[in-house]
Each structure stands twice: as structure tokens, then as C-alpha cells.
Amino acid sequence: MKKGIIFDLDGTLWDSSQGVAESWQEALEKHFDIEKVITAGMIQGVMGKSMYEISDILFSEFEIKKRRELLSYCCEQENEYIRTHGGILMDGLEEALGQLKSSGYHLSIVSNCQEGYIEAFLEYHKLGDYFDDFECFGRTGREKGRNIRLVVERNQLDMAVYIGDVQGDYDAAQKAGVPFIHAKNGYGSIREEVPYITGLSQIPKVVAEVFAKGEQAGGSQMEKIASFTIDHIKLEPGIYVSRKDEVGHEVITTFDLRMTSPNDEPVMNTAEVHTIEHLAATYLRNEPGYGDKVIYFGPMGCRTGFYLLLAGDYESKDVVTLITKLFEFIRDFEGEVPGASPKDCGNYLDMNLGMAKYLAGRYLDHTLYSIDSKHLVYPE
């Protein structure tokens, strides 16, 4: 049985708040005409929140576009600072990681940070050999619960536990369907009664107790994720609300844009899927009404459709016009596919515009132009 321990980073494995505050302050002073003080206490107060939440809290006096601009620049400077200065590791970290690794645990990190931050932590403190995987908000655009589940699934963990220090970490573990251990030596408290540690040396004992309890309850404690509970035999092409998640005070709606009938019609090939992804991301980010609400657009692993994540509480009927215009854009597109170059894409040759246009037209003609209520709600 493969067992994994997934760690939060800030407040659980280290404290980088002073360095982050200094790097952000330096960034603001050098590159923006802004009089604002960023302190370590302010940074600690938002640790564990998503990057967008952090920008909305720390830069609340600015309009959204400016908040995101400030956030992006400060995070770039933060990564460089961490890469050269590091942070303060929690007492006994490397010894604890070594013991857990030698005991056969699969170790990983899931954080709400920007891309490059976890890498900087591992690089400066030379801890990369202890961890098998990591994921973050900056790389996937997904909230922490989804990223925890992503790490569990792609590493095929039979049992897993998440260790974090704030209420948001506990909530994310609940959404991911994994047990939680509170690192009381971190930044926050937990409202619920949960197993806890007050120092990293206690992890092996507490983790063993959590896993033993799970085994007594029936072996693997992993529950099916929501999308696996849908009857794919009955599922037809349409627009469906896959799930809704609360991230801070915001609702994130995930749409299932199902383009082919699962296990019935041929799936889409990677070249046309890749092309649709590039074109859709370009269109959606520039769409006047929804551009600033788009969190993520990307393909399903089964290659029968795509996921679209929007900031806001939506129903399928609310986005029919948006999705129709999106696929009309793809169907009618001519010219070079945006981002299809070796500089901009990691697999730029895997493109098929002709097939992407055909599939977009097929989705429009067979589904979107005549969509009814049956194809806006998942089958029972």
C-alpha cells in the first residue's frame, strides 16, 4: 500500500514571512510610485490564502487589474529573493524528512503560492531529494483542495494525509478527502478537533496513528472525486457544472464542456486538443465580459472535452452564449495558432488547426446551437 504525506509549506515547513515582506517592499519602492508598507506580520496574516486573495487583501485600495499587476511583479521579486536568501526552516526539518523518507513514505508539497516559490525553497535549502512531487496554485490555477487531490491521484497514493497550520489547510484537506494533521507550531489555529503536532519530530508517530485508524476503518480512505461519480455511459455532449468551490469569499465554478460521448465516440487526438486549448485560452482571456473571471481552461485527461473554471457562482445556462462564441471563434480561426512556437510552448509541433476547427464546428452544430436542459445538467 502506497502511503503519502503531503505538506503545506509556509508555517509548516518554514517561515519566509520576513524575507517575503522585504522583497515585496523593495519591489514596490523601486518600480512603482506607491507609498505602502509591507510587514512580516501582514504576510503571515495572508499565508495559506490563494494568490488572488492575497492581492485583494494587501492591495485592496487598487482596482483589480492593478492588484494583479502588483502581485505578479512582487511574486517575481520574491522568488529571486528566496532563491538567494532562503527562509527559516522549522526546527528539525531535515531530520524529520530523512526519517519519513527512510520509512517509505511518499513526500510532497502543496501550497497556494506562485510558480517558482516551492522550487526556490527546495533549491536554496537543498531539500529536493526528499520530495517526490509538488503542486501549487500558480501552476494549475486551482485551489488547494483540488491540488491535493491532483497529487494523490497522479502519484496513485492509496492513503494520504495533509499537514498544515491554518484553517484553510484543514478545509482544503476536507475537500480533497484526506485526513488532516495540524502543525500547531505554525501561523494559525483550527476550529475542529484534529490530530496535531507541536514539533516536526512528532510527525512519524502521529502519521502512523492516522494511517492505522484509516486501515482499521477499511483500508484506503480515498473517496471517489465528484467527476468519477457521474454515469459516463449516460453522459452526452453538453455544458455541465462539474463543481463549485469556495475560495475565500469567492465561488469558483468548474464547467464540464463535454464534446464527445464518453466510451462511445472516438476521443480527440492530442494535436487538436492542444490547438483548441491555445485558441480558447487566447479568446477567453481577451473576452470583455469574462476575461478577468477566467481561472483556467484545459483538457480532460480522457480527451472527451475541456474544463473551464470561472470566478463566480454560475449555472450552465449562464455561459451558453460565451461557449458558443468561443467555439465559433475556433471554427472560423485562420492563421498562425497563438503561442505555437518553440519559445512560447513546450510541444509547439503537436498542433492540428484543421481538426480543431472541424471539432469546434461539430460541437456547435450537434450540441451548442440546439442545446436543451437535458444537456445542461448531469444525468442522474
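**Entry 1: salt bridges**

I searched the whole structure for salt bridges, that is, a side-chain nitrogen of Lys or Arg within 4 Å of a carboxyl oxygen of Asp or Glu, and the search gave 23. The model is a predicted one, in which local features need pLDDT of at least 70 and side-chain atom pairs count only at pLDDT 80 or more, while totals for chains, interfaces and linings use all residues. Residues are numbered from 1 along each chain as its sequence is written, and side-chain values use heavy atoms, with hydrogens and water left out.

In general, side chains of opposite charge can pair when their charged atoms come close.

I looked up Asp-132 and found its side chain in a salt bridge with that of Lys-101, at 2.7 Å from N to O. Asp-132 lies in the loop between α6 (117-125) and β5 (133-136) and Lys-101 in helix α5 (residues 93-102), so this pair ties together parts that are 31 residues apart in sequence. Helices (H or I, at least four residues) and strands (E, at least two) are DSSP runs, numbered from the N terminus. For accessibility I used three classes: buried is under 20% relative accessible area, exposed is over 50%, and partly exposed is in between (1.4 Å probe, protein chains only). Asp-132 is partly exposed at 39%, and Lys-101 is partly exposed at 27%.

**Entry 2: Arg-154 and its partners**

Which side chains meet that of Arg-154 in a salt bridge? I found Asp-133, at 2.8 Å from N to O, and Glu-135, at 2.9 Å from N to O. Arg-154 belongs to helix α8 (residues 144-154) and Asp-133 to strand β5, so their pair joins parts 21 residues apart in sequence. Glu-135 is also in strand β5, and its pair with Arg-154 ties together parts 19 residues apart in sequence.

I then compared their accessibility. Arg-154 is partly exposed at 39%, whereas Asp-133 is buried at 13% and Glu-135 is buried at 3%. I also noted a network of salt bridges that links Asp-133, Glu-135, Arg-139 and Arg-154.

**Entry 3: nonpolar cores**

In soluble globular proteins, nonpolar side chains tend to be buried together. I therefore looked for nonpolar cores, meaning sets of buried Ala, Val, Leu, Ile, Met, Phe, Trp, Tyr and Cys residues joined through side-chain atoms within 4.5 Å. The largest has 59 residues, and Phe-7, Trp-24 and Phe-131 have the most contacts inside it. Helix α4 (residues 64-85) gives the most to this core, with seven residues. A second, separate core has 36 residues, including Ile-239, Ala-280, Tyr-283 and Leu-308.

I listed the contacts (heavy atoms within 4.5 Å) of Trp-24. Leaving out residues up to four places away in sequence, Trp-24 touches Ile-38, Ile-54, Leu-58, Phe-59, Leu-71, Cys-74, Cys-75 and Glu-78.

**Entry 4: strand β1**

Is strand β1 (residues 3-7) largely enclosed or exposed? Four of its five residues are buried, so β1 is largely enclosed by the rest of the structure. Two strands count as paired if DSSP finds at least two bridges between them. I found β1 paired in the parallel sense with strand β6 (residues 159-164) over five bridges, where Lys-3 stands opposite Met-159. With strand β4 (residues 106-111), β1 pairs in the parallel sense over four bridges, and there Phe-7 stands opposite Ile-109.

**Entry 5: helix α12**

I checked the span of helix α12 (residues 320-332). The expected span of a helix is 1.5 Å times one less than its number of residues. For the 13 residues of α12 this should be 18 Å, and its end C-alpha atoms are 18 Å apart, which agrees. The buried residues that I noted in α12 are Val-320, Leu-322, Ile-323, Thr-324, Leu-326, Phe-327 and Ile-330. The buried residues of α12 pack against β9 (238-247), β10 (250-258), α11 (270-285), β11 (294-299), β12 (305-311) and α13 (353-366).

**Entry 6: cysteines and Glu-53**

How many disulfides does a search of the whole structure find? With a disulfide taken as a pair of cysteine sulfur atoms within 2.5 Å, the search finds zero. For Cys-136, the nearest cysteine sulfur is that of Cys-113, 4.5 Å away. Cys-136 is buried, at 2% relative accessible area. For Cys-345, the nearest cysteine sulfur is that of Cys-136, 19 Å away. Cys-345 is also buried, at 13%.

Lastly, I looked up Glu-53, which is found in helix α3 (residues 51-58). Glu-53 counts as buried at 18% relative accessibility. Apart from its neighbours within four places in sequence, Glu-53 is in contact with Val-247, Gly-248 and His-249.
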